[in-house]
Amino acid sequence: MSGQQPTLWQMILSVIAAMFGVQSEQNRERDFTSGSLWPYVLLGIISLIVFIVAVMLLTQWALSLAGA
């Protein structure tokens with residue numbers, strides 16, 4: 001896979017794996033050698049926003065179940 005641009009799905013999986021700290025060495029190497037920085041930055045920001053909104057919604061839901 002040398003010199004090949006990663007697909008969008010591969011980039012999304014790489015960002016998610018990096019968020020949880022389970023990125024494989026092979027994928028990390030692929031990302032740093034064949035991909036541009038900006039798609040990963042953009043996907044990272046989007047995934048962070050989605051994560052924060054999900055935590056907020058889950059918190060509101062749990063509080064509503066607790067009667068607060």
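Biologist: Which helix is Asp31 found in?

Modeller: Asp31 is found in helix α2. Helices here are DSSP runs of H or I with at least four residues, strands are runs of E with at least two, and both are numbered from the N terminus.

Biologist: Before we go on, what kind of model is this?

Modeller: This is a predicted model, where local features need pLDDT of at least 70, side-chain atom pairs count only at pLDDT 80 or more, and totals for chains, interfaces and linings use all residues. Residues are numbered from 1 along each chain as its sequence is written, and side-chain values use heavy atoms, with hydrogens and water left out.

Biologist: OK, how many helices and strands does the chain have?

Modeller: The chain has three helices and zero strands. Along the sequence, that reads α-α-α.

Biologist: Back to Asp31. Why does it count as buried?

Modeller: Asp31 counts as buried because its relative accessibility is 9%. Buried means under 20% relative accessible area, exposed means over 50%, and partly exposed is in between, using a 1.4 Å probe and protein chains only.

Biologist: And what is Asp31 in contact with, leaving aside its neighbours within four places in sequence?

Modeller: With those neighbours left aside, Asp31 is in contact with Pro6, Ser14, Gln23 and Tyr40. Contact means heavy atoms within 4.5 Å.

Biologist: Which side chain does the Asp31 side chain make a polar contact with?

Modeller: That one is Arg30, at 3.1 Å, side chain to side chain. A polar contact is a pair of N or O atoms within 3.5 Å; within protein, one must be able to donate a hydrogen and the other to accept it, and residues adjacent in sequence count only if both atoms are side-chain atoms.

Biologist: Which residues are buried in α2?

Modeller: In α2, which is residues 25-34, Arg30, Asp31 and Ser34 are buried. They are on the same side of α2 because they cover an arc of only 105° around the axis. That arc is taken from the directions from the helix axis to the C-beta atoms.

Biologist: What about the face turned away from that side?

Modeller: That face of α2 carries the exposed residues Phe32 and Thr33. As for the buried residues of α2, what covers them includes α1 (8-20) and α3 (37-66).

Biologist: Let's switch to α3. How many residues does α3 have, and how far does it reach?

Modeller: α3 has 30 residues and reaches 43 Å from its first C-alpha to its last, close to the 44 Å expected. The expected span is 1.5 Å times one less than the number of residues. Just after α3, Gly67 takes a positive phi of about 85°.

Biologist: Which residues in α3 are buried?

Modeller: Tyr40, Leu43 and Ser47 are buried in α3, and their cover includes α1 and α2. Ser47 has a relative accessible area of 16%. Leaving aside neighbours within four places in sequence, Ser47 is in contact with Val15 and Met19.

Biologist: And Pro39, how exposed is that?

Modeller: Pro39 lies in α3 and is partly exposed, with a relative accessible area of 28%.
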